[in-house]
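Please work through each task before reading its solution.

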Amino acid sequence: MDYIKVSINYELADKLFPLDKSTQFHVSFTINKKGKLENITAKAHKREMAAEAIHVLKRMPKLKKPGYLNGKPIDTEMSFLITIHF
């Protein structure tokens, strides 16, 4: 989550929401067995902000380890709500 907060374009958020000081968006994705992100989706109040969240997640480096179950790598679904203040 820290990667997303550091990488997000705050100027875009400020431009899209000139009267607000924060915004929220929901992101979900799957971490595959090799540690790469797949099936990335985002929902936000503005389409441009959702597109920015997806763009940031696509640039995210491969994770060191995937999820494991019973000692075997598995596809792991992640979903969370992010609030950014600008």
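**Exercise 1.** Which residue in S2 stands opposite threonine 30?

*Solution.* Threonine 30 faces glutamate 38 in S2. The model is a predicted one, in which local features need pLDDT of at least 70, side-chain atom pairs count only at pLDDT 80 or more, and totals for chains, interfaces and linings use all residues. Residues are numbered from 1 along each chain as its sequence is written, and side-chain values use heavy atoms, with hydrogens and water left out. Strands (E, at least two residues) and helices (H or I, at least four) are DSSP runs, numbered from the N terminus. Serine 28 likewise stands opposite threonine 41 in S2. S1 and S2 pair in the antiparallel sense over six bridges; two strands count as paired if DSSP finds at least two bridges between them.

**Exercise 2.** Determine the strand order of the open sheet and its edges.

*Solution.* The order is S2-S1-S5, with antiparallel pairing. S2 and S5 each have a single partner strand, so one side of each lacks a neighbour in the sheet. From one strand to the next, the twist averages 20°. Helix H3 lies across S1, S2 and S5 and runs at about 155° to S2; axes are lines fitted to C-alpha atoms, for helices over the stretch in contact, and angles run from 0 to 180 degrees between N-to-C directions.

**Exercise 3.** Identify the residues with the most contacts inside the largest nonpolar core.

*Solution.* A nonpolar core is a set of buried (under 20% relative accessible area, 1.4 Å probe, protein chains only) Ala, Val, Leu, Ile, Met, Phe, Trp, Tyr and Cys residues joined through side-chain atoms within 4.5 Å. The largest has 21 residues, and Phe25, Val27 and Met49 have the most contacts inside it. Elements giving two or more residues include helix H2 (10-16), strand S1 (22-31) and helix H3 (47-59). H3 gives the most, with five residues. Methionine 49 touches (heavy atoms within 4.5 Å) Ile8, Ala13, Leu16, Phe17, Phe25, Ala44 and Ile84, not counting residues up to four places away in sequence.

**Exercise 4.** Where is asparagine 39 found, and what is its phi?

*Solution.* Most residues other than glycine have a negative phi. Asparagine 39 is found in strand S2, yet its phi is positive, near 50°. Asparagine 39 is also exposed (over 50% relative accessible area), at 58%. Asparagine 70, in the loop between strand S3 (67-69) and strand S4 (72-74), has a positive phi of about 55°.
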